[in-house]
Amino acid sequence: MECPLISSIQRVNIYETKARFYVVGSNNTETTFRVLKIDRTEPRELHIHDDKHVYSKLEIMNLLTTIESGNRTTTKQKQQSTGLTRSVSAYGIVGFVKFLEGYYMVLITKRSKVALIGGHTIYKIEDTVMQYIPNDGVRYTHPDEPRYVKMFQSVDLSSNFYFSYSYDLTHTLQYNMEPVVNPECNIPTDRYTDHSTETAAQAKTDSNTTIPAVKDSDSKSIHGCDFEVYGVKTKPETRYIWNKHLTDVFGKEAHPDWVLHLVYGFIAQCNLYIYGKSVYVTLIARRSNEFAGTRFLKRGANSQGAVANEVETEQIVYDTSVTHLHKSKITSFVQMRGSIPVYWSQDISKMVPKPVIQLDQRDPYFATAGIHFNKCLYRYGAPVLLLNLVKRREKRRHESQLCDEYKECKTYLNQFLPPDKQMVYIGFDMAHYTKKKSNNVLDRLAGISKYCVRQTGFFFHSPNMKEVFLDREEFEGVQGYKTKTGSKQTGVVRTNCVDCLDRTNTAQFAVGKCALAYQLCALDVLSTPDLDFDTDCLRMLEELYEDQGDTVALQYGGSHLVHRIEGYRKIAPWKAHSLDILQTLSRYYSNAFSDLEKQQATNIFLGLFSPKESLPNIWDLPTDFYLHNKDAMGKKLKRRSYTMWCDPDVFDHLPLPYGEVCKAAYSLVRVFSKDEESVDAFFEHYKPYERTEFQKLFETMGKAISNFKPKIWRHVSPSPFERRVIPEAKESRENQSKTFYSRYEVNPNISGKESTSSMTSNTSEEGSTSSASSVDGDIVTTSSEDEDSYNNIDWPRYTSFDENIYDLDLHKFEEDEETQEMYKRYIEVGAAENPPENVDPVQYVLPQLPELKPLGEYRSDIYCVEEPSVSKRSLELYVQYVNCGIHGASEPSAANKEIYKSYVRQLYM
């Protein structure tokens, strides 16, 4: 069995002397320890020593005692302090940073649990501390040092930074569950190769075979053991490690367990209770550290193929009945967002709400876009679906010039790929389509989303597959790569608008909604891959994507979302418009006055700019263009072919992602016993050595599906897939239904696209209509298709809003007279309980009652139920519980006292 290696350093204590810092790291049970020694006598350099020795608890106590006795003062004067003091307790080291003076050590002092994937816990940083390393006697001072420290600390590490001790957050679930060990091969080989040092031929050779299990010098010899576990540690994706610059200075010298990889973005999880069964829905957004920055200062792409506001979103759904990932049923779907990968920017020298879009460089061979899409094929496989939401029809060309450049880029790059692996372009002018009140943007996006999800498929793993997964009737048309345990996702949906914020988030929600239906169907939760709006499940998913959109918008744009999902659904309350105006003003203020300082802080945090006394300060630089484009600094980049823009190794393995195929070449494998703490996910998650507090236990249940159920429906069906419309929204639904009908009565074309005489016409773009489709690109919905979709519409689904939310068809009971009479009887009884004023309630009762047979096992009729008999023992037990709640806990018995004493002796003595 294969398991990820669990870090042996999860608690850190800093001990301080005048000459050194002693960083003592331990596991959760404090049975194994490691020590880092940091020199404090060097004012401007960092000297770290790791002896690579694993200490026991007794050995580490003896070591600290020896250090304390060796550093204690021996003079007769009054001692100011002992020789060794503990200064900080932490949960991990973020890294080390230096400006113009000495080094600082950044530590995680507070954390919180935000998600659970299998037995692996995901933590969010809540607080950090910076510890200055050189002592006061050798400290070198510089007048600009406080400003750099303040700038570095303005990147709030307690806001949306995540890490895990056992799960690789930089990779997708599909990558993490890709096996790398071949148990049948016994050739010992140790490899943990760096991407930068390995040749392409080497990686290609290694990717064709699964590497054998190897023994590590630190792991115990277990030959002859009945059960072996292969601990796997994979090479992380540096693009999503935001503290890489901070760990580079000590990562090569220290043991790998000292290094924590921080991911910046958004992670949230909700428990989807389905009749008592827990199904977790997790949303993970990873922000790339390449070409990172703020809204107007980072647009388009740089010379290395990195794009602005690149965020990878992963939607994981799994059944929590089994803790171990490889033995559970789990699914995931990955999509991404990012700016259009060409050289473009906006002039912010003038204070205008919408600065002019400029195409900075002409790239006839689209080399930068080729590098970017080559990375997409490497990580996700083929096909890459380009969902472009940029405006196409404008009075003055603004966004549309980006649309034209993007389509030209796709056309050029696609001619060098075979038809089955080409990129698919889907253009949808979302802003124009939503202007008409009769148009439903989410309906249009639903069709696009279904096409996209079917083209890429999704990842599904089930250990007990009895039939080919994708051959089932409900998954007809779904692509992907079939495996013995399910399927793999091949390809990705890449969504963009201009900012990749508001419109993009709504489109990603639509794709995520479609993917969730397929995921729940794969888990046998739903019989068909269909999910309706106004269900608890969709409210939960909508809030997850709203939270993700707000977080990503704050990180890149400086404000929350301006146009939300409910706005595009046209069910937003009356005050939503004023809130949108406030968010627009907040975003404008942030872009105009605070984005520059935020961009400078990001450049410092990521190590793109290193302060030096001989160079100008970062606030004196006129631009940071050369910091994000290496060729501008005189560094020669590898010249790529104008035709073969896709790497040969990547091309040969399509549609599979080459990054997963060659995973074995970048992995370290060790052999352990099943009881080793380094691979025991059950021990890591449940922590049997700790007492469980109910308050902390239920804190993780904060986002349960019951919280998304309207209060008036709390006592109805517990199913999260029951359609419930809030009464206050009934009127807006009915109005929307009327416009929905009228749209087809006036024009049977559901595309809603309106014609204009030219792209630069001075006439209003809302003034004319056309039968052309609103979707542009490689998939186009024609008018004939729209007519077919009109004729095939399930009208009751759109018209019944709350009259028949339970989908009960009473007509099938018409022939059963007894059932009809019983139903009428219950209606009359209910009416008699609450009669109208000044009306005799007797008239609401039928004059002749039908003969009703009792359905229960009680001796009386169904209207007069006897109290059930309760045993004497049950009554005594109930009285004890009541007295305990009133008077407090009673004195425990002597036997219970002895059990507790024995437990304490075994634990602490």
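Helices and strands here are DSSP runs, numbered from the N terminus: a helix (H or I) has at least four residues, a strand (E) at least two. With that in hand, note that you are looking at a predicted model.

**The whole chain**

Show everything as a cartoon. The protein chain has 24 helices and 27 strands. How much of the chain counts as buried? Of its 909 residues, 49% do. The accessible surface comes to about 46000 Å². Carbon and sulfur atoms own 52% of that area. Among contacts in the chain with a separation of 6 or more, 72% are between residues 24 or more positions apart.

**Stop 1: a sheet of five strands**

Select β2 to β6. They form an open sheet in the order β5-β4-β3-β2-β6, with antiparallel pairing. Look at the two edges, β5 and β6 (85–90). Each edge strand has a single partner strand, so one side of each is left without a neighbour in the sheet. From one strand to the next, the twist averages 20°.

Now go through the pairs:

- Select β2 (residues 11–16) with β3: 6 bridges pair them in the antiparallel sense. Tyr-15 has Tyr-22 in β3 as its bridge partner.
- Select β3 (residues 20–26) with β4: here 7 bridges make an antiparallel pair. Val-23 stands opposite Leu-36 in β4.
- Select β4 with β5 (residues 48–50): 3 bridges join them, again running antiparallel. Ile-38 has Ile-48 in β5 as its bridge partner.

Stay on β4, residues 33–39. Is this strand largely enclosed or open to the outside? Of its 7 residues, 5 are buried, so β4 is largely enclosed by the rest of the structure. To be buried, a residue must have under 20% relative accessible area.

**Stop 2**

Most residues other than glycine have a negative phi, and most peptide bonds are trans.

Start in the hairpin of β3 and β4, which has 6 residues between its strands. In the turn, Glu-30 has a positive phi of about 55°.

Then pick Lys-52, in the loop between β5 and α1. Phi of Lys-52 is positive, near 60°. Lys-52 has a relative accessible area of 43%, which means it is partly exposed.

Jump to Asp-524. Asp-524 lies in the loop between α10 (502–522) and α11 (536–556). Its phi is positive as well, near 65°.

**Stop 3: two cis peptide bonds**

Select Ala-382 and Pro-383. The peptide bond from Ala-382 to Pro-383 is cis, with omega near 5°. Pro-383 sits in the loop between α6 (367–380) and β20 (384–388).

Now select Leu-654 and Pro-655. A cis peptide bond joins them too, and its omega is about 10°. Find Pro-655 in the loop between α15 (648–652) and α16 (658–661).

**Stop 4: a sheet of three strands**

Select β1, β13 and β26. These 3 strands form an open sheet in the order β1-β13-β26, with mixed pairing. At the edges stand β1 (2–4) and β26 (667–673), each with a single partner strand, so one side of each is left without a neighbour in the sheet. Neighbouring strands are turned by 35° against each other on average, direction ignored.

Zoom in on β1 and β13 (residues 228–234). They run parallel, joined by 3 bridges. Pro-4 has Val-232 in β13 as its bridge partner.

**Stop 5: inside and outside**

Select Ser-719, in the loop between α18 (694–699) and α19 (730–746). Is Ser-719 buried or exposed? Its relative accessible area is 9%, so Ser-719 is buried. Leaving out residues up to four places away in sequence, Ser-719 touches Tyr-275, Asp-536 and Arg-724.

Finish with Leu-582 in helix α13, residues 576–605. Leu-582 counts as exposed because its relative accessibility is 53%. Together with Leu-582 they form a nonpolar patch on the surface, with about 390 Å² of accessible area.

Key. Residues numbered from 1 in each chain as written. Predicted model: local features only at pLDDT ≥ 70, side-chain atom pairs only at ≥ 80, totals over all residues. Heavy atoms only, no water. Patch = residues over 30% accessible without salt bridge, like charges linked within 9 Å, V, L, I, M, F, W, Y side chains within 5 Å. Areas by Shrake-Rupley, 256 points an atom, 1.4 Å probe, with all protein chains shown as cover. Salt bridge = Lys/Arg side-chain N within 4 Å of Asp/Glu carboxyl O. Buried < 20%, exposed > 50% of the residue type's maximum accessible area, 1.4 Å probe, protein only. Contact = heavy atoms within 4.5 Å. Pairing = 2+ DSSP bridges. Axes fitted to C-alpha atoms, helices over the stretch in contact; angles between N-to-C directions.
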